[in-house]
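Here's a quick briefing to read with the model open in your viewer.

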Amino acid sequence: MEGVESNSNRWNKEVEEEEALKWEANHPTNNGIRRGSDDEKISLSMEEKRSLLNRLMNIADEDNDNFLLKLRQRFDRVGLEFPNIEVRFEHLNVEAEAYAGTRALPTMFNFTINMLEGALNYFYVLPKRKKSFSILKDVSGIIKPGRMTLLLGPPGCGKTTLLLALAGKLNSDVKVSGKVSYNGHGMDEFVPERTCAYTSQEDVHLAELTVRETLEFSARCQGVGPRYG
């Protein structure tokens with residue numbers, strides 16, 4: 001049994017080394033470029049690349065923690081570094097217009113009146129009766145990469161609005177001024193949806209599951225690799 005286990009471990013190690021070499025060949029780095037000048041270059045077809053990626057990600061169906069650990073080890077072996085993102089927001093101001101008093105109550109009567117009034121406001125028949133409210137006023141700060149940031153404040157102080165502003169998901173009917181940048185690039189220089197994500201606090205989950213079990217359950221539902229979506 002010891003000999004069988006030893007041979008199995010040796011075979012698994014050889015397979016991992018082979019996959020790591022293929023990964024390095026298709027993700028060139030400084031080390032990979034230098035190594036490619038000495039060793040024979042490995043070329044893979046699109047089908048072989050897809051098969052390799054599926055094998056590398058197949059472990060995510062069983063243990064996401066182990067999958068992320070192996071992914072980090074492979075990045076380290078080929079000299080790839082995870083990108084670091086620093087978020088800065090300077091003199092950020094957010095204002096919104098809303099009805100005050102009884103007009104702000106969500107009743108059918110108010111809804112009908114607001115719709116009619118909005119149509120008349122569009123044609124400049126009636127003046128706007130909404131009042132301007134400042135949600136964020138001259139807020140500045142820096143979110144360092146590789147750190148967990150805790151945002152505390154009483155209800156209604158603008159925590160959600162700040163997170164939505166950093167994620168680029170504010171509604172178009174609010175007035176925003178100030179600057180938000182990712183590594184020095186403004187929000188109009190890239191697609192924020194591909195760089196950051198905002199997760200609402202109203203997500204539904206099973207209270208009996210641990211945090212790790214919840215993440216694993218979410219990963220299984222969303223799927224990985226060709227089963228994504």
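**Fold at a glance**

Going from the N terminus, the elements of the protein chain follow the order α-α-α-α-β-α-β-α-β-β-α. That comes to seven helices and four strands, where helices (H or I, at least four residues) and strands (E, at least two) are DSSP runs, numbered from the N terminus. Keep in mind that this is a predicted model: local features need pLDDT of at least 70, side-chain atom pairs count only at pLDDT 80 or more, and totals for chains, interfaces and linings use all residues. Residues are numbered from 1 along each chain as its sequence is written, and side-chain values use heavy atoms, with hydrogens and water left out.

**Whole chain**

- Of the 229 residues in the protein chain, 20% are buried (under 20% relative accessible area; exposed is over 50%, partly exposed in between, with a 1.4 Å probe and protein chains only).
- Take the contacts (heavy atoms within 4.5 Å) between residues at least 6 apart in sequence: 71% of them join residues at least 24 apart.
- The accessible surface is about 17900 Å², and carbon and sulfur atoms hold 55% of that (Shrake-Rupley method with a 1.4 Å probe; for residues, only the protein chains shown count as cover).

**Strand pairing**

- Strand 1 and strand 3 (residues 175–182) run antiparallel, joined by seven bridges; two strands pair if DSSP finds at least two bridges between them.
- E90 has K179 in strand 3 as its bridge partner.
- Strand 3 also runs antiparallel to strand 4 (residues 185–186), with two bridges, and S181 is bridged to G186.
- The hairpin of strand 3 and strand 4 has two residues between the strands, and N183 takes a positive phi near 55° there.

**Around E97**

- E97 sits in strand 1 and is partly exposed, at a relative accessible area of 35%.
- Leaving out residues up to four places away in sequence, E97 touches K128, K130, K131, S132 and K175.
- E97 and S134 are 37 residues apart in sequence, yet 8.9 Å apart in space, C-alpha to C-alpha.

**Largest pocket**

- About 850 Å³ of space lies in the largest pocket. On a 1 Å grid over the protein atoms alone, a pocket is an open set of points where a 1.4 Å probe fits, with protein on both sides within 12 Å along at least five of seven lines; lining residues have an atom within 4 Å of a point.
- Its lining has 24 residues, with I143, T149, L163, L166 and A197 nearest the centre.
- Strand 1 (87–98) and helix 6 (159–167) are the elements that give two or more residues to this lining, and helix 6 has the largest share, four residues.

Terms used
Grid points are joined across faces, edges and corners, and a volume is the space filled by probe spheres set on the points.
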